[in-house]
Amino acid sequence: MRGRFETMARALDAVSPLATLARGYAIIQRLPERTVVRSTRDVIPGERIEARLADGRLSCIIDKLHDD
C-alpha cells in the first residue's frame with residue numbers, strides 16, 4: 001500500500017504547477033486582470049505583466065514583441 005501511495009505522490013508531483021516552475025518555467029499574467037499569457041498576441045508593448053517563478057514574482061512592462 002505504501003509503495004502505491006509513493007508512486008501516486010510522484011505522479012502528482014510530476015504534473016504539479018509548482019514542480020514546473022521549479023524546472024525553470026514561468027507563469028505569465030496580464031495585469032491587472034491576471035489572465036494567463038499564452039502567446040505574444042495576448043499582449044502589446046507598454047502593457048504590464050507579472051511573471052511567477054519558483055521563488056517569487058517579477059513585475060514587468062512589455063518593451064518589444066519578438067515572434068519566432
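Ile49 has Cys60 in strand S3 as its bridge partner. That pair belongs to a predicted model, where local features need pLDDT of at least 70 and side-chain atom pairs count only at pLDDT 80 or more, while totals for chains, interfaces and linings use all residues. Residues are numbered from 1 along each chain as its sequence is written, and side-chain values use heavy atoms, with hydrogens and water left out.

**The sheet**
- Strands S2 (residues 48-53) and S3 are joined by six bridges in the antiparallel sense; strands count as paired if DSSP finds at least two bridges between them.
- Three strands form an open, antiparallel sheet in the order S1-S2-S3.
- S1 (27-30) and S3 (56-61) each have a single partner strand, so one side of each lacks a neighbour in the sheet.

**Pro32 and its loop**
- You will find Pro32 in the loop between S1 and S2.
- Pro32 counts as exposed because its relative accessibility is 67% (exposed is over 50%, buried under 20%, partly exposed in between, with a 1.4 Å probe and protein chains only).
- Between Pro32 and Glu47 there are 10.0 Å from C-alpha to C-alpha, at a sequence separation of 15 residues.

**The whole chain**
- Starting at the N terminus, the elements follow the pattern α-α-β-β-β; these are DSSP runs, with helices (H or I) of at least four residues and strands (E) of at least two.
- The C-alpha atoms occupy a box of roughly 55 × 25 × 20 Å along the principal axes.
- Of the 68 residues, 19% are buried.
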